[in-house]
Amino acid sequence: MSSLIPFWFIIIAILWTGFFILEGFDFGVGMLHDLVGTDDAGRRAAINTIGPLWDGNEVWLIVAGAGMFAAFPGWYATMFSAYYLALVLLLASLIVRGLAFEYRGKRDSVRWRRTWDVLLTVGSLLAPLLIGVALGGLLNGLPINSAQNYTGTFWDLLQPYPLFTGITLALVCALHGATFLCLKTTGDMHQRSRQLARRIAPFTGAAVVGFAIWTHVTHTSTFFLNPVELLAILAAIAAIWLVYDHRDGWAFAATTVTIASCIVAIFTGLYPNVMVSSTNAANNLTVHNTASGAYSLKVMTVVVIIFLPLVLAYQTWTYYVFRRRVSKSDFEPPQLPGARPPGVPTETRSGTGGPTASPQS
C-alpha cells in the first residue's frame with residue numbers, strides 16, 4: 001500500500017503530462033489556424049493537420065480525471081467542487097472545439113464557417129488557460145477547511161500565480177502548435193507557420209522562465225532550481241533558438257520537453273500534497289489522506305500496467321499512419337475544363353477593348 005500511493009501519484013502526473021504534450025499542439029493549431037490559413041482552403045488544411053488526432057488526444061484528459069477519481073477520491077471531490085464553475089467553462093470550450101471540427105463544413109456559407117473559426121480559436125485558447133489556472137491553484141493554495149471542503153468562491157481561484165500558470169501554458173501550447181504546423185504544412189502555410197513560431201517564441205520563453213522561477217521561489221526553500229525547473233528553462237531557450245534556426249523537427253521536440261517540464265514541475269512541487277490549503281497547512285490534502293483503499297489501488301495497478309502500453313502503442317501507430325504533410329491544394333476546388341484559373345486576366349476581344357466572358361460552369 002505504501003508503494004502504490006506514490007506510484008499512482010506518478011501515474012496521474014504522467015496522464016496530465018501526456019494530455020498536454022498531445023493536446024497541447026491541438027490547442028495551438030486551433031489558436032493559430034485562422035492566421036496560418038488566409039482563406040477557407042488554408043484554414044481547412046490547418047484544421048486537417050490535427051483532424052485524425054484531436055479526439056484521441058482529448059481522451060487523456062478523461063483518463064486523468066478518472067484516474068484521480070479512482071486513486072484519490074478525496075482529491076477528486078475537493079478539486080472538482082472547488083473548480084465547479086471553471087470546469088463548466090472548460091467543458092464548454094472543449095465542446096465548442098469539437099463542434100467546430102464537426103460542423104464547420106456542414107454549410108456552404110462564409111458567415112457560418114467564419115463563426116466556427118472564431119469559436120474554435122476562442123475554445124482552443126480558453127481550455128489550456130483554464131486548466132493552467134486549475135493546476136496552478138493546487139500548488140498555490142485554496143481555502144480548504146479541516147473537513148476537506150472548499151470554502152472560497154470562484155474569484156478565489158483567480159490568484160496571480162495560477163493566472164500566470166494558465167497564461168504560460170497557453171503560450172507554450174501556441175508555440176507547440178506553431179512548430180507542429182511547421183512539420184505538417186507546405187508552401188505558403190509552412191512559411192507563415194515559421195513566422196508565427198518566431199513571433200511567439202520569445203514571449204513563451206520569457207513566460208516559462210518566469211514560471212519556473214516563481215514556482216521555485218514560492219514553493220521551495222532551496223536557492224538552486226531543481227532539475228525539472230531547470231530543464232523547463234533550458235528547453236524553452238532551445239526552442240527559441242531552434243525556431244529561429246528553422247530546425248522544425250528539433251523545435252517541436254524542444255516545445256514537447258518544455259510543456260512536459262512545466263507540468264511535471266507543478267506535480268513535483270505538490271508532492272506529497274495534492275491540494276494546498278491557504279487556510280491552514282494542517283488542512284492540506286495529501287496523497288495519504290485522500291487515497292483509495294489497498295484493494296482498489298492493486299486492481300487499478302494491474303489494469304494500468306496492461307492497458308497503458310497498448311494505448312501508447314495504438315497512438316504511436318496512429319501518428320505514423322497520418323504522418324503525411326497537409327497541403328492547401330488538397331482543399332481547393334478543382335478547376336473545370338476551360339475555367340479561368342484565379343489571378344489570370346481575361347482575354348480582350350480585338351477591336352472592342354472589353355473583356356470577353358470567361359467560360360464558367
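Student: Is Leu120 buried or exposed?
Tutor: In this predicted model, Leu120 is buried, because its relative accessible area is 2%, under the 20% cut-off for that class.

Student: Where is Leu120 found?
Tutor: Leu120 belongs to helix α6, a helix that covers residues 110-140.

Student: And which residues does Leu120 touch, leaving out those up to four places away in sequence?
Tutor: With those set aside, Leu120 touches Gly30, His33, Ile47, Arg97, Ala100 and Phe101. One of these, Ile47, is also a buried residue of helix α2.

Student: What separates Leu120 from Ala282?
Tutor: Their C-alpha atoms are separated by 43 Å. Along the chain, the two residues are 162 residues apart.

Student: Back to α2, then. Which of its residues are buried?
Tutor: Helix α2 spans residues 40-48, and its buried residues are Ala41, Gly42, Arg43, Ala45, Ala46 and Ile47.

Student: What do those buried residues pack against?
Tutor: The buried residues of α2 pack against α1 (4-36), α5 (84-103), α6 (110-140), α7 (160-184) and α8 (187-219).

Student: Now Val118. Why does it count as partly exposed?
Tutor: Val118 counts as partly exposed because its relative accessibility is 46%, and that class lies between 20% and 50%.

Student: Which residues form the nonpolar patch on the surface?
Tutor: Val118 is one of them; the others are Tyr84, Leu85, Val88, Leu89, Val122 and Leu126. Together they have about 610 Å² of accessible area.

Student: Which helices each supply at least two residues of that patch?
Tutor: Those are α5 and α6. The largest share, 4 residues, comes from α5.

Student: Let us step back. How many helices and strands are there in the chain?
Tutor: The chain has 11 helices and 2 strands. From the N terminus on, the order is α-α-α-α-α-α-α-α-α-α-β-β-α.

Student: What does the C-alpha trace span?
Tutor: Along its principal axes, the trace spans about 95 × 40 × 40 Å.

Student: How much of the chain counts as buried, and how much area is exposed?
Tutor: Of the 361 residues, 47% count as buried. The chain exposes about 17,500 Å², and carbon and sulfur atoms supply 67% of that area.

Student: What share of the contacts with a separation of 6 or more joins residues 24 or more positions apart?
Tutor: Such residues account for 77% of those contacts.

Student: Lastly, how many charges are there, positive and negative?
Tutor: The chain has 22 positive and 18 negative charges, and their mean positions are 4 Å apart.

Conventions:
Residues are numbered from 1 along each chain as its sequence is written. This is a predicted model: local features need pLDDT of at least 70, side-chain atom pairs count only at pLDDT 80 or more; totals for chains, interfaces and linings use all residues. Side-chain values use heavy atoms; hydrogens and water are left out. Buried means under 20% relative accessible area, exposed over 50%, partly exposed in between (1.4 Å probe, protein chains only). Contact means heavy atoms within 4.5 Å. Accessible areas come from the Shrake-Rupley method with a 1.4 Å probe; for residues, only the protein chains shown count as cover. Lys and Arg count as positive and Asp and Glu as negative; His and the chain ends are not counted. The place of a charge is taken as NZ of Lys, CZ of Arg, CG of Asp or CD of Glu. Patches are made of residues with over 30% relative accessible area and no salt bridge: like charges are joined within 9 Å, nonpolar side chains (Val, Leu, Ile, Met, Phe, Trp, Tyr) within 5 Å. A salt bridge is a side-chain nitrogen of Lys or Arg within 4 Å of a carboxyl oxygen of Asp or Glu.
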